[in-house]
Every structure is written in C-alpha cells, then in structure tokens.
Amino acid sequence: MKIATFRHQGQRRVGVVDPEKGTIAPFDLPAEKTEDGIACLIGMNPLPTLQAELPLAEVTLEAPLPRPRRNVFCVGKNYYDHAEEFSKSGFDSSAAAGNVPKVPIVFSKVPESVAGPGAPIRIDPKVSTAVDYEVELTVIIGREGRNIPKEQALDHVWGYTIVNDVTARDIQGRHSQWLLGKSQDSFCPMGPWAVTKDEIDLADTAVRSFVNGEKRQDSNTGLLIFDVPTIIAAISNGITLLPGDVIATGTPAGVGIGFDPPKYLKAGDVVRLEIDGIGTLENTCEEMKA
Ligand code: MG
C-alpha cells in the first residue's frame with residue numbers, strides 16, 4: 001500500500017495513492033490527527049475507512065512525515081562504490097574509520113530540514129558552493145524497541161520512503177561532524193509517499209538518481225554494506241527507537257563529488273530520485289536570495 005501526506009482545500013490529509021490510476025483516497029480522519037502526516041496511522045489497526053478518491057493532480061503532496069518527531073538518522077558510506085568515491089574526494093572527515101567502515105557510520109539531519117516532493121532545494125551561495133544529492137532508501141520505524149536483535153529488526157519496520165540526503169560538501173568537510181552540512185534548510189526532501197514494508201524486497205530493489213535527466217546513480221539495495229536489520233540493531237543499541245523514526249540507509253556511487261571535476265547542484269537543476277516499488281521524488285534547486 002502506498003500512503004501519502006497531502007494538502008487539499010487548505011487541509012493536511014493522509015490517503016492511499018494509486019499512481020497508475022492517478023488517484024488518492026483520503027482516510028476518514030479529523031484534521032487534528034493528520035498534523036504529523038502518516039505517523040497517525042502507525043500502530044492503527046484496522047486503518048480508518050477511505051473516502052472518495054480525488055485526482056492526484058488536484059492535491060499537493062507533502063513529505064510523508066512533514067516534521068519527524070526527532071532527527072532523521074542517516075548512515076554514511078554504506079555502499080562499497082560510494083565509500084570509495086567519497087574517500088577519494090578530499091572531503092571525508094570520517095577517513096579515520098577507513099574507506100569501508102567496519103561498523104555503520106551514523107549521523108543525523110534536523111527534522112526542520114525535511115521538504116516535500118516538488119518543494120525547492122534552496123541553495124544559499126553565501127553558505128555553500130558545493131551542494132550535492134544522495135538517493136537513499138529510507139526506513140520508517142513502526143514499533144518501539146531498544147537493543148533490537150538483527151533477527152527481529154524487520155518486525156520494527158512500518159515501511160519505506162525515499163530521502164534525498166542533500167549535503168553541503170564544503171561544510172561537511174570543514175566540520176568533523178556532519179550535522180551542519182546535512183541539516184541545511186530544505187536539505188531533506190522526502191517522498192513522494194511512503195509504502196508499507198511488504199512492497200519492498202530489501203535484497204533486490206533498484207535505486208537511481210538523475211540530474212536534469214542525466215543518470216547519475218544506478219544501484220541496488222542488495223549492495224548495501226550494512227543491511228537494514230544490521231542498521232536497526234546498531235542504532236537501537238542503547239537508543240530506544242520510536243514509531244515514526246526515520247532512517248536513511250546510505251547512498252551509492254555517482255554523487256556530484258564523485259566526478260572530476262565535481263558536478264554540484266545549481267539553481268534550476270532538477271533532481272529526480274527513483275526507487276522501484278516506491279516511486280519518484282523530484283525537486284528543483286533554487287537560489288536563496290536573502
Ligand atoms: Mg547519505
């Protein structure tokens with residue numbers, strides 16, 4: 001099931017999407033329930049009844065979790081080919097961990113960095129001149145847990161979405177911690193909707209990105225260094241994972257920094273991310289005029 005957060009007639013709603021038909025059926029939920037997007041459905045059984053379908057073209061999609069309850073967890077250098085390209089880039093302040101990390105590198109993005117599908121990626125040239133894109137399969141946690149063993153990790157997953165882990169490489173390189181370069185306003189596009197976990201084969205799901213139609217990343221979740229159960233086990237080691245928590249699992253090779261010279265994002269660039277079984281997340285870059 002594909003479930004979106006969207007705006008219709010001035011109200012935030014959540015509903016079931018049928019991309020082939022181009023429709024969305026809102027759940028029968030009062031407005032005060034839908035403020036946190038799809039989070040209101042997590043743990044709800046049965047789901048509320050559906051109202052009459054609306055044409056997708058008549059609604060504005062928002063990030064499935066427009067403002068996650070806390071920072072978005074992210075895994076760095078989690079595909080072999082990207083670990084290699086990033087280590088060569090000169091921006092790798094995690095180089096001491098080795099080209100291929102032995103345990104997951106985990107950082108986070110502040111909740112306020114989340115942006116919806118179609119929302120601009122805002123580039124402030126006074127702050128960064130090295131803004132990059134990263135397509136990432138992203139986990140949405142459905143059940144609380146601490147010290148979750150790998151074997152039970154997927155029982156704690158509600159579903160998946162796509163995140164563009166937009167990064168200011170110059171800031172990432174300058175500060176040893178990645179939070180600042182990863183948490184700039186609008187640097188966490190998420191969507192276009194979430195899918196329930198039954199829709200994704202973690203061992204074999206294609207992950208791609210395009211900038212202005214040019215294919216940049218083309219990989220598969222089967223090539224993750226640390227798989228989803230390993231990531232959940234690592235993060236929940238002493239930290240209680242909560243329903244609605246979001247974990248971006250890392251990006252494959254082909255990011256802007258991997259090219260010589262680097263291909264950073266600029267105003268007007270259209271970044272399209274595709275993950276099979278989920279859909280397409282598209283955002284356009286815009287120069288921030290202060
Ligand atoms: Mg990333």
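What is the area buried between domain 1 and domain 2, and what percentage of that area do carbon and sulfur atoms give?

Mentor: The model is a predicted one. About 1000 Å² is buried between domain 1 and domain 2, and carbon and sulfur atoms give 73% of that area. On the side of domain 1, the residues that lose the most area to domain 2 are K2, I3 and I42, which together make up 54% of what that side buries. The size of an interface is often given as the accessible area lost when the parts come together.

As for the two parts themselves, the chain is divided into domain 1, residues 2-62, and domain 2, residues 72-287. Their C-alpha centres lie 25 Å apart. In terms of contacts, 10 residues of domain 1 touch 15 residues of domain 2, with heavy atoms within 4.5 Å as the cut-off.

Across the interface of domain 1 and domain 2 the rule finds 1 salt bridge. K2 forms a salt bridge with E199, and the closest N and O atoms of this pair are 3.3 Å apart. The criterion is a nitrogen-oxygen distance within 4 Å, so the pair K2 and E199 qualifies at 3.3 Å.

Q9 has a phi near 50°, a positive value in a residue other than glycine. Q9 sits in the loop that runs between strand 1 (2-8) and strand 2 (11-18). Further along, the peptide bond from N45 to P46 is cis, with omega near 0°. P46 belongs to the loop between strand 3 (23-26) and strand 4 (54-55).

Another cis peptide bond joins G191 and P192, where omega is about 5°.

Last, the empty space. Rolling a probe the size of a water molecule over the atoms shows where empty space is left. A search of the whole structure finds 1 cavity of 30 Å³ or more, and the largest cavity has a volume of about 60 Å³. Its lining consists of 15 residues, with G76, K77, H82, E134 and K182 lying nearest the centre of the cavity. Strand 6 (72-76), helix 1 (80-87) and helix 2 (169-174) are the elements that give two or more residues to that lining. By residue class, the lining of the largest cavity divides into 6 charged, 5 polar and 4 nonpolar residues.

Conventions. Residues numbered from 1 in each chain as written. Predicted model: local features only at pLDDT ≥ 70, side-chain atom pairs only at ≥ 80, totals over all residues. Heavy atoms only, no water. 1 Å grid on protein atoms, 1.4 Å probe; cavity = no way out; pocket = protein on both sides within 12 Å on 5 of 7 lines; lining within 4 Å. Points joined across faces, edges and corners; volume = space filled by probe spheres on them. Helix = DSSP H or I, 4+ residues; strand = E, 2+ residues; numbered from the N terminus. Nonpolar A, V, L, I, M, F, W, Y, C, P; charged D, E, K, R; others polar. Domains from an automatic or database assignment. Buried area = accessible area lost by both parts, 1.4 Å probe. Salt bridge = Lys/Arg side-chain N within 4 Å of Asp/Glu carboxyl O.
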